[in-house]
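Dear colleague,

Please find below the sequence and structure that I am handing over to you. A description of what was found follows.

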Amino acid sequence: MKLIHFFKAGPTTALAGLLLCLPLLCAEAPAKEALALQLPAPTLKGTPEDLPKGPNIEPLTDKPRPPFMVPRGVTNVALGKPVTSSVAPFSGELNQITDGKKEAFDYDAVEFKKGTQWVQVDLGDAYSIYAIALWHDHRYIQVMHDVIVQVSDDPAFKTNVQTLFNNDVDNSAALGAGTDREYFETHQGKVIDAKGVKARYLRGYTKGSTSSALNCWQEIEVYALPAK
Ligand SMILES: [Ca+2]
Ligand SMILES: [Ca+2]
């Protein structure tokens, strides 16, 4: 009865009523926002003509990434946090992997010997993780191999391990065959959906790239909220 009366009052009143409802609708929707990454500049070396190809490689694009939605208030909780690794780097320092710098320069790259190697970030506390952004080595447009990202509450990664990304399709790293695709390293980095997983430690594996047998890391960012 009231609704009929409402619309009988005329279109102007109806529009005013709708506008009044809008803030209410917004308040009920989950508070999300587009992940805001500070992107480094693209490499000055350009794109090689003989790009690696393959059915399991995402095509290279220079389009900006579509907005990746995260809960409002997430911050990069990896910034400045301690980093350990399977082997010591032969170039650069481990703390450069969480120092916020990721330009396409040699002095922003931390390099490790060949083979399957990992780096690990201790966030210092458990967090609800929504997005992980990685830059391995965008000095060159290349594809890193066997990219695996895991989180755990166990610093040894023996128990409660969750794999968030794995493109090791032939299981050469022996952590389980992955189903994700390989991708080109660019200044846009790689964003992995962590879906709110709770964890304190993050580990990232690689095994060389299409350009080099060596392993390299520039930056790991972990966008999260304190775990409830
Ligand atoms: Ca860095
Ligand atoms: Ca492999």
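**Overall make-up**

The chain's secondary structure amounts to 2 helices and 11 strands, where helices (H or I, at least four residues) and strands (E, at least two) are DSSP runs, numbered from the N terminus. Starting at the N terminus, the order of elements is α-α-β-β-β-β-β-β-β-β-β-β-β.

This is a predicted model, in which local features need pLDDT of at least 70 and side-chain atom pairs count only at pLDDT 80 or more, while totals for chains, interfaces and linings use all residues. Residues are numbered from 1 along each chain as its sequence is written, and chains are lettered from A and ligands numbered from 1 in the order in which they are written.

**Confidence**

The pLDDT, which is the predictor's confidence in each residue from 0 to 100, averages 91 over the chain, and 87% of the residues score at least 70. Two residues are in contact if their C-beta atoms, placed from the backbone, lie within 7 Å. Among contacts in the chain between residues at least 6 apart in sequence, 76% join residues at least 24 apart.

**Strand pairing around β6 and β9**

Two strands pair if DSSP finds at least two bridges between them. β6 pairs with β9 in the antiparallel sense, over 13 bridges.

**Burial and the nonpolar core**

A residue is buried if 20 or more other C-beta atoms lie within 10 Å of its own, exposed if 12 or fewer, and partly exposed in between, with C-beta atoms placed from the backbone. Of the 228 residues in the chain, 33% are buried. β6 is mostly covered, with 14 of its 19 residues buried.

A nonpolar core is a set of buried Ala, Val, Leu, Ile, Met, Phe, Trp, Tyr and Cys residues joined through C-beta atoms within 7 Å. The largest one holds 40 residues, and those touching the most other members are Ile-129, Tyr-130, Ile-132, Leu-202, Val-222 and Ala-224. Two or more residues each come from β6 (117–135), β7 (148–152), β9 (190–206), β10 (215–217) and β11 (219–226). The most come from β6, which gives 12 residues. In soluble globular proteins, nonpolar side chains tend to be buried together.

Leaving aside neighbours within four places in sequence, Ala-224 is in contact with Val-74, Val-77, Tyr-127, Ser-128, Ile-129 and Tyr-130.

**Individual residues**

Ala-131 lies in strand β6. Ala-131 counts as buried because it has 21 C-beta neighbours inside 10 Å. Its contacts, apart from neighbours within four places in sequence, are Leu-35, Phe-68, Val-70, Val-191, Ile-192, Asp-193, Ala-194 and Tyr-223. Ala-131 and Phe-68 are 63 residues apart in sequence, yet their C-alpha atoms are 8.6 Å apart in space.

Gly-92 belongs to the loop between β4 and β5 (110–112). With 18 other C-beta atoms within 10 Å, Gly-92 is partly exposed. Beyond four places in sequence, Gly-92 is in contact with Ala-109, Val-110 and Glu-111. From Gly-92 to Ala-109 the C-alpha distance is 6.5 Å, across 17 residues of sequence.

Most residues other than glycine have a negative phi. Against this background, two residues may be noted. Phe-157, in the loop between β7 and β8 (162–166), has a positive phi near 55°. Phe-157 is partly exposed, since 17 other C-beta atoms lie within 10 Å. Lys-195, in strand β9, also has a positive phi, near 55°. Lys-195 is exposed, as 11 other C-beta atoms lie within 10 Å.

With kind regards
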